[in-house]
Structure formats: structure tokens, C-alpha cells
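Hi everyone, thanks for coming.

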Amino acid sequence: LMTGLFAPTEGEILINGVPIGAFNKKALYSMFSAVFQDVNTLAYTVLENVACHAEGDRARAMDALERVGLGGKVRAFPKGLEQTLLKIIEKDGTELSGGEAQKLSIARALVKKADLYIFDDSFSALDFKTDAALRHALASEIKDAAVLIIAQRVNTILHADNIIVLEEGRIVGMGRHDSLIKDCPVYASIAKSQMKGGA
């Protein structure tokens with residue numbers, strides 16, 4: 001809905017007070033950078049996968065890869081940034097784990113400077129420690145932008161300014177973590193099941 005791929009069936013979505021439908025697609029897409037749940041790495045080089053928003057800028061691509069923790073792996077590839085990426089191992093191909101593919105997708109999003117970053121369950125393939133470290137590293141990179149995170153793990157959205165809790169497509173709670181623990185049974189139940197008793 002926020003990227004304009006679907007129109008709302010009721011109500012409207014505004015960006016700086018302007019209905020989303022008033023923007024042409026190019027102007028709308030220039031405002032956001034999105035990482036979706038399904039990761040797509042292309043059968044091109046690391047540089048082409050990451051720097052597609054920056055016209056092949058090697059420095060920005062490597063900086064983004066460093067921020068997500070893939071710099072060392074990429075430098076270890078025989079061809080570095082020019083290494084071809086394939087999801088399936090083939091002759092001279094390189095396979096990425098699910099977590100590494102997600103990191104590559106996040107690096108691709110960071111290369112593009114945007115007003116809004118959308119992370120759609122983008123940390124699900126990462127272990128909790130890597131998830132926390134990566135989000136900490138991203139904080140300074142996207143501090144001047146709005147950030148929307150869709151997640152199933154409470155840890156991922158623990159420090160969000162506003163958490164919207166959905167159950168079967170309906171909003172059942174809204175607020176910060178501490179208030180939701182007290183006032184939203186659905187959220188409290190999820191937190192308790194995931195976070196060692198909700199602590």
C-alpha cells in the first residue's frame with residue numbers, strides 16, 4: 001500500500017499531507033527504499049546487485065556491505081565486488097546463506113538514500129545476536145529517515161517509537177513496548193513466548 005502497488009479500499013495514505021496517488025511512480029519510488037521478505041539476488045556481480053541505485057558506485061557499495069557485515073566475505077571472493085552471485089551453486093558460482101542474502105538485500109537498500117526505509121520481515125533469517133548488531137549498525141545510517149519495520153519477532157521492534165499490533169488483519173494494540181506489555185494481551189503473550197517470560 002505504501003509503495004503504491006495496491007490502492008487502499010478505504011481511507012487514504014498521505015506523504016507529507018499529499019495523497020499517495022497524487023505522485024507519479026518515479027517520484028514516489030524515489031522517496032523510499034524497501035527490503036522485502038523474499039530475497040532476490042540476481043545472477044549478476046555483487047556490485048551490480050548492491051549498487052543498482054548508485055550507478056555502480058564501488059565505494060558506496062562496499063561501505064553498505066561493511067555496515068551489514070558482508071565486507072569480509074566479499075573481499076574473500078576470488079573476484080571481490082566483481083564476483084557473480086547465483087542462488088544455486090553452478091560452475092564458478094557463489095552461494096549465499098539465507099542470512100547473507102538478507103544482508104545483501106539490506107545493503108542494496110542502504111546504498112539508496114531515502115526518506116522512508118521499509119523492512120518487511122527483513123531480519124527473519126538472522127540469529128538474534130546478528131539481528132541486534134545489524135540494527136544497531138543501521139541506526140546511524142538511517143537516523144534522518146522514517147523507518148517502517150514489519151516483524152514477527154518482538155526483539156526486532158522492541159525500541160520502536162510506535163508499535164502496531166495486528167491480529168487477523170485488525171489493529172489490537174498501538175504504542176511503545178512497555179505500555180503494550182501492560183495493556184495489550186496479544187502483544188504480551190507474544191513477548192512472553194519469545195523473550196524468556198517477557199523480560
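A quick word on the model: it is predicted, so local features need pLDDT of at least 70 and side-chain atom pairs count only at pLDDT 80 or more, while totals for chains, interfaces and linings use all residues. Residues are numbered from 1 along each chain as its sequence is written, and side-chain values use heavy atoms, with hydrogens and water left out.

Let's begin with the helices. Two packed helices are described by the angle between their axes and the distance between the axes. Helices here are DSSP runs of H or I with at least four residues, strands are runs of E with at least two, and both are numbered from the N terminus. Axes are lines fitted to C-alpha atoms, for helices over the stretch in contact, and angles run from 0 to 180 degrees between N-to-C directions.

Take α5, residues 98-111, and α3, residues 58-67: their axes come within 8 Å and cross at roughly 130°. That makes α3 oblique to α5; angles under 35 degrees count as roughly parallel, over 145 as roughly antiparallel, 65 to 115 as roughly perpendicular and the rest as oblique.

Which residues meet here? From α3 come Arg-60, Ala-61, Ala-64 and Leu-65, and from α5 come Leu-104, Ala-107, Leu-110 and Val-111, where contact means heavy atoms within 4.5 Å. By type, that contact has 7 nonpolar residues, no polar ones and 1 charged. Ala, Val, Leu, Ile, Met, Phe, Trp, Tyr, Cys and Pro count as nonpolar, Asp, Glu, Lys and Arg as charged, and the others, Gly among them, as polar.

Now look at α5 with α6: the axes are 12 Å apart, at an angle of about 5°. These two helices are therefore roughly parallel to each other.

On to the spaces. The lining of the largest pocket takes in 29 residues, with Ile-149, Ile-150, Ile-157, Ala-160 and Asn-162 nearest its centre. α6, β5, α7, β6 and α9 each give two or more residues to that lining. A pocket is an open set of points on a 1 Å grid over the protein atoms alone, with protein on both sides within 12 Å along at least five of seven lines, whereas in a cavity a 1.4 Å probe fits but cannot get out; lining residues have an atom within 4 Å of a point.

Finally, Ile-150 also lines the largest cavity, along with residues including Asp-121, Phe-123 and Arg-153.
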